[in-house]
Amino acid sequence: MSARMGLKEFFAMEASEYLERLDGVVSAQGEPDREEFVRLARALRGSALMANEQQIGEVAAGLENLARAVREERVAWDASTKQIAISGVDELKILVRAVGEWTAETEAKAGRIANVLNSAAGSTTAEPAPKEEGLDSGTRAFIARESATVASTLNQIGKLLHREQPKPEQLEEVAKVIQPLLGLASLPDLSPVPEVLDGVERAIAVAKREVDDPASLASLFDAAARALTNAAQEITASGAARPDSPEAREFARRFGAMLDIAGEVVPIQNLYYDDPGPHILSAGTQTAAPGRLAKLELVAHGEHLKQAADELERAQWDTQREMRALALTSTFRSLMVTGGSPLENAVARFAREASAALTRGAPLAHTKKFAAYLREAGAVLSASSGGAEHRMVDMLSGISNAISGIPAAPEPAP
C-alpha cells in the first residue's frame, strides 16, 4: 500500500468518525448542541484539508458555515434547517466513501452540496472560516497524530533497551519517525513537543557514540513517550498542550541526567594497561598549538554563547528554558580543554563554573543573571582574535567568580 493510499485511508477512517458524531448532533430531538456542531464540522474541514481532499473540505466548510449561523442565531433551527443539515452529513458520508475513486461527477456533486449548505447559512458562496488563534485545526490534528506515533515508537524501543544495548537500527527507527515533525515550521507554537523532539534527537546522537548505561536511555525514551502522549491528547482536546506539564518536566530532568552520564570524567585507572605496572604515563602531544585557529574557534564559541543567552531569555516556559540551557553542555565541555596558555586556562575555568551553575539550576532560578554572564563571556571570546590576552584573562576570571556566586536553585516541591 502506497503512502498516498495510506493517507487517504486514514482520512476516511477519521472523517467517518466525525460524521457519525455529527449525525448524532443534527438528528437529536429538539435543539442541537450548537458548540459541538461547530467544533465537529471545523475538525472535519481541517482533517480534509490536511489530507488534501479539497472538495470534501469545501463541503465541510459549507456545513461549518451553517453550524456557525445556527450557533449565532442568524438561521433558525427549524425542520427545514435540520433536514438540510442531516442531508449534508449523509452526503458527506457518501463522498468520504468515494475517496480514492473521485470522478468528475462526484466533484460536481460535491459542489452542489456545498452550495446548498452555504445558501442555508445565508450565503451564496462559502464564507471564509474565522481566523483561528494560533494554528489551524488541521495542523494541530497532524501534529497530535505524529506525536502519538513517535510516542508509540519510543515506548516500544524503550522496553527493548531495558533488556539490551541499543542497536543502530533501533536508533535509526526513532530518528526516522521524528523527521516529519522536525521540519514543520509551526511546531514551535506547540511547546513542549519541539523541546522533547529536540532532546530525543540529541540523545540519539549521544547514544550513537557510546551508551554506558542502556537503562538511562530507556528511561529517557519512556519519559519522552509519556510527554508526547500527554501533549497529543491535550492538543486533540483543546488545541494546545501544557508546556510545563509534569511529564515534560520529568523528561527534561532525565535528559539532564543522561548528559551528565555521557560526559562524566574517565577514571585515571582506565588509562593504565591491566598489568602489574609500572603504570608510567607519557606526556601527550598537543594536536594544535594555540594560535590563529584556536582563537577563531574561540570567536565561534563566543558568538554561540551570545545567541544562547538571547534564546535563554526569550524562553517562555521552564521546560523550554531548561532544554535550551542543557544544549550548552557540549559547548562547555569543548571549552574545558586547556592548552596551557593563560587565556585557554581562563576559558576552561569559565566553562567549568558555568557547567556547575547549570547543574545547580541557575538557568531556571536566575535566568537573567546567568544569561548576562554568558553574554559577557561570549563578548570576550568574540574579541579574542585581536584583543589583549591579559585583559581577556582578567575579564573571564571576573565572570567565572560571578558565576560561581550564583546560588543553587531551591529544591522543587514534591
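Mentor: Let us begin with R321 and D318, whose side chains meet in a salt bridge at 2.8 Å, N to O; please keep in mind throughout that this is a predicted model.

Trainee: Why is the pairing of R321 and D318 called a salt bridge?

Mentor: The term asks for a side-chain nitrogen of Lys or Arg within 4 Å of a carboxyl oxygen of Asp or Glu; R321 and D318 have an N to O distance of 2.8 Å, so the pair meets the definition. The side chains of R321 and D318 also make a polar contact at 2.8 Å, a term that requires a pair of N or O atoms within 3.5 Å.

Trainee: What separates R321 and D318 along helix α12?

Mentor: The two are 3 residues apart in helix α12, which covers residues 318-326, and therefore they are separated by about one helical turn.

Trainee: How do you know whether R321 and D318 are buried or partly exposed?

Mentor: Buried means under 20% relative accessible area, and partly exposed lies between that and the limit of over 50% for exposed. R321 has a relative accessible area of 13%, so R321 is buried, whereas D318 stands at 34% and therefore counts as partly exposed.

Trainee: Which residues does R321 touch, leaving out those up to four places away in sequence?

Mentor: R321 touches L312, A315, Q316, P363, L364 and T367, and the C-alpha atoms of R321 and E311, which are 10 residues apart along the chain, are separated by 8.3 Å.

Trainee: How many salt bridges does a search of the whole structure find?

Mentor: The search finds 25. One of them joins the side chains of R71 and E35 at 3.5 Å, N to O, and this pair links distant parts of the chain, with R71 in helix α3 (residues 54-71) and E35 in helix α2 (residues 34-50), 36 residues apart.

Trainee: What can be said of E64 and R68, and why are they described as about one helical turn apart?

Mentor: Their side chains meet in a salt bridge at 3.6 Å, N to O, which is within the 4 Å limit. E64 and R68 are 4 residues apart in helix α3, so about one helical turn separates them, and both residues are buried.

Trainee: What makes E73 worth a remark, and why is E73 called exposed?

Mentor: E73 has a positive phi of about 60° although it is not a glycine, and E73 is placed in the loop between α3 and α4 (79-97). Exposed means over 50%, and E73 is at 66% relative accessibility, so E73 counts as exposed.

Trainee: Where is P192, and what is the peptide bond from S191 to P192?

Mentor: That peptide bond is cis, with omega near 15°, and P192 lies in the loop between α7 (168-182) and α8 (193-209).

Trainee: How do you know that the span of helix α17 is close to the expected one?

Mentor: Helix α17, residues 389-404, has 16 residues and reaches 22 Å from its first C-alpha to its last, close to the 22 Å expected at 1.5 Å a residue.

Trainee: Why are the buried residues of α17 said to lie on the same side?

Mentor: The buried residues are M392, V393, L396, I399, S400 and I403. They cover an arc of only 130° around the axis, which puts them on the same side of α17. These buried residues pack against α14 (342-359) and α16 (367-382), while the face of α17 turned away from the buried side carries the exposed residues H390, R391 and D394.

Trainee: What are the helix and strand counts, and what share of the residues is buried?

Mentor: The protein chain has 17 helices and 0 strands, and of its 414 residues 45% count as buried.

How values were computed: Residues are numbered from 1 along each chain as its sequence is written. This is a predicted model: local features need pLDDT of at least 70, side-chain atom pairs count only at pLDDT 80 or more; totals for chains, interfaces and linings use all residues. Side-chain values use heavy atoms; hydrogens and water are left out. Buried means under 20% relative accessible area, exposed over 50%, partly exposed in between (1.4 Å probe, protein chains only). The expected span of a helix is 1.5 Å times one less than its number of residues. The arc is that of the directions from the helix axis to the C-beta atoms. Contact means heavy atoms within 4.5 Å. A polar contact is a pair of N or O atoms within 3.5 Å; within protein, one must be able to donate a hydrogen and the other to accept it, and residues adjacent in sequence count only if both atoms are side-chain atoms.
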